[in-house]
Amino acid sequence: MSMGGGRFSRWFDSKGWPGLLIAVPYLWLIVFFLLPFLIVVAMSFATKTPTAPPFSFGGEHPLVNPDAYGRMLTGGLYLRAFLTSLVNALVATVFCLLIGYPMALGLTRVSHSWRNILLMLVILPFWTSFLLRVYAWMGLMGRNSWFNGMLTDAWNFLVPIDWAVKSIPMMHSNFAVVLVMVYTYLPFMILPLYASLERLDPALDEAAMDLGSRPHQVFRDVTLPQSIPGIIAGGTLVFIPAAGELVIPTLVGDASSPMIGRLISDEFSQAQDWPMASAIAVALLLLMVAPAMIYSRYQSKAEGSS
């Protein structure tokens, strides 16, 4: 027993313990991602019924019913929702990049004491309830808010008097959705960019300046190319959740032009069409896998070349 126990102990220390550590995250992904995803895929091929749950397999219906996918590909509402989601997510990602890149670059140029304070300010919104922050923006975009009044005064000052307005309608529009998504997901762009820019060697910029390059040339030829991994990482972290966003479009979006997350929720809860909602969710997931695979491929190439 002692020899067997010693042999098992040596095996566990050499192979068993590392294997167990590797198996835990795989088990987590199987239980909490793969199995739920397979359930959703199975429901997408079911048939809607007036039962509980509102779908069924077999019986008088075919075991595999692709009707939900056919309706999704031919229905104008679903295609418009996909297009609206992708466009809003892309616009929000671009604005997050335009705002977040200078902020991330500035974080790398300040002293360490100020850097810690500014990084804390970047992540400070996460300490507040996400729903409360969306409600705060709803108040700011209201017709009688100071924010709306300030923008209205600026508009009336810049345009002819015939174009003057009493207030700017911002709520329940794609503008409101993009604005709140930019505010919400901006830290997800800043932090990967900061991590990428912080690793750059400042001696490269100094060498380029010594060789006669102007500041904008140094940024274009040295800084920007080396920060592309951070741009891709930040863009992925913003684009994927923004495309499937539910709370923001529901609270501040236009009900006549829903995003795909709200459409999935409506199909599950109001229409009680679980096969249709599952088919949309599967299509959205497959659509979102593409940018993640592009980033993973680029990252592997970058690591291989380095």
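1. A helix axis here is a line fitted to the C-alpha atoms over the stretch in contact, and angles between axes run from 0 to 180 degrees between N-to-C directions. With that in hand, look at helix 9 (residues 215–226) and helix 10 (residues 228–243): their axes come within 4 Å and cross at roughly 50 degrees. Angles under 35 degrees count as roughly parallel, over 145 as roughly antiparallel, 65 to 115 as roughly perpendicular and the rest as oblique. Helix 9 and helix 10 are therefore oblique to each other. Where they meet, Leu 224, Pro 225 and Gln 226 of helix 9 touch Ile 228, Pro 229 and Ile 231 of helix 10; contact means heavy atoms within 4.5 Å.

2. A word on what you are looking at: this is a predicted model, in which local features need pLDDT of at least 70, side-chain atom pairs count only at pLDDT 80 or more, and totals for chains, interfaces and linings use all residues. Residues are numbered from 1 along each chain as its sequence is written, and side-chain values use heavy atoms, with hydrogens and water left out.

3. Now the overall picture. The chain has 13 helices and two strands, taken as DSSP runs (helices H or I, at least four residues; strands E, at least two) numbered from the N terminus. Of its 306 residues, 34% are buried. Buried means under 20% relative accessible area, exposed over 50%, and partly exposed in between, with a 1.4 Å probe and protein chains only. Among contacts with a separation of 6 or more, 68% join residues 24 or more positions apart.

4. Back to helix 10, which has 16 residues and reaches 22 Å from its first C-alpha to its last, close to the 22 Å expected at 1.5 Å a residue. The expected span is 1.5 Å times one less than the number of residues. Its buried residues include Gly 230, Ala 233, Gly 234 and Phe 239.

5. Helix 7 (residues 174–198) is worth a look too. It has 25 residues and spans 35 Å from first C-alpha to last, close to the expected 36 Å. Where does helix 7 kink? The kink, about 45 degrees, lies at Tyr 185, shortly before Pro 187. The bend at a residue is the angle between axes fitted to the seven residues ending there and the seven starting there.

6. Is Ser 167 buried or exposed? At 15% relative accessibility, it counts as buried. Its side chain makes a polar contact of 3.1 Å with that of Arg 143. A polar contact is a pair of N or O atoms within 3.5 Å; within protein, one must be able to donate a hydrogen and the other to accept it, and residues adjacent in sequence count only if both atoms are side-chain atoms. Leaving out residues up to four places away in sequence, Ser 167 touches Arg 143, Asn 148 and Thr 152.

7. His 172 lies in that loop between helix 6 and helix 7 as well. Its phi is near 55 degrees, a positive value in a residue other than glycine, and at 48% relative accessibility His 172 counts as partly exposed.

8. Finally, a strand residue: Thr 47 sits in strand 1 (residues 47–48). Thr 47 is buried, with a relative accessible area of 8%, and its side chain makes a polar contact of 2.9 Å with the side chain of Asn 65.
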